[in-house]
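Subject: Structure handover

Hello,

Here is the structure we talked about. Please open it first, then read the notes below it.

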Amino acid sequence: VREAVVSTQSTGKKRKKKKDAWVAEGIVVKIITKDLGKDFFKAKGVIEEVFDTYGVKIKLLKLGKKIKLDQSHLETVIPNVGREVLVLNGAYEGGRAVLDRMNVDKFTVDVTMKSGPFKGRSVRDLPYEDVSKLHTND
């Protein structure tokens, strides 16, 4: 897996390396490829299985169909404020958090960690692509 080092803008200190593969089971994603036809373009689904690092099996929310795709055909879904997200990359990777605020001008979000060693910590300016909505049944 290729990794890229991410530097903080102001100090130049290195943070945890970002991974290429960001997909995770249980998150909601949106299909961004037009190759599958209009029924699938912009359709949302839940990742049920991750295979071969970048491949996923998705159950589409509205259509109920299951399809296999590469992560390059998907994007993360940012929920409403107050909803739960999974951090997909960076120092807080794998942690669950609550979305506190969207910073539309910077394409980032502010969250409060709900799990892991950073539980209770407020994290500012996580890039949109580093978090995704966690699927719930409500």
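Is Glu48 buried, partly exposed or exposed? Glu48 is partly exposed, at a relative accessible area of 31%. Keep in mind that this is a predicted model.

**Salt bridges**

The structure holds seven salt bridges. Here are some of them, one by one.

Start with Glu48. Its side chain meets that of Lys66 in a salt bridge, at 3.4 Å from N to O. This pair links distant parts of the chain. Glu48 sits in strand β4, residues 44–51. Lys66 belongs to strand β6, residues 66–70.

Next, look at Glu93 and Lys19. Their side chains form a salt bridge too, with an N to O distance of 2.6 Å. Glu93 lies in the loop between β8 (84–87) and β9 (96–103), while Lys19 is in strand β2 (residues 18–19), so the pair ties together parts that are 74 residues apart in sequence. How open are these two residues? Glu93 is partly exposed, with a relative accessible area of 29%. Lys19 is partly exposed as well, at 30%.

Now find Lys106 and Asp125. They form a salt bridge, and their closest N and O atoms are 3.0 Å apart. This pair also links distant parts of the chain, 19 residues apart. Lys106 is in the loop between β9 and β10 (108–113). Asp125 is in strand β11, residues 122–127. Lys106 counts as partly exposed, at 43% relative accessibility. Asp125 is partly exposed, with a relative accessible area of 31%.

**Strand pairing around β8**

Which strand pairs with β8 over three bridges in the antiparallel sense? One is β9. Within this pairing, Leu86 stands opposite Arg96 of β9.

**Where to look**

Begin at Glu48 and Lys66. Move on to Glu93 and Lys19, then to Lys106 and Asp125.

Best wishes

How values were computed. Residues are numbered from 1 along each chain as its sequence is written. This is a predicted model: local features need pLDDT of at least 70, side-chain atom pairs count only at pLDDT 80 or more; totals for chains, interfaces and linings use all residues. Side-chain values use heavy atoms; hydrogens and water are left out. A salt bridge is a side-chain nitrogen of Lys or Arg within 4 Å of a carboxyl oxygen of Asp or Glu. Helices (H or I, at least four residues) and strands (E, at least two) are DSSP runs, numbered from the N terminus. Buried means under 20% relative accessible area, exposed over 50%, partly exposed in between (1.4 Å probe, protein chains only). Two strands pair if DSSP finds at least two bridges between them.
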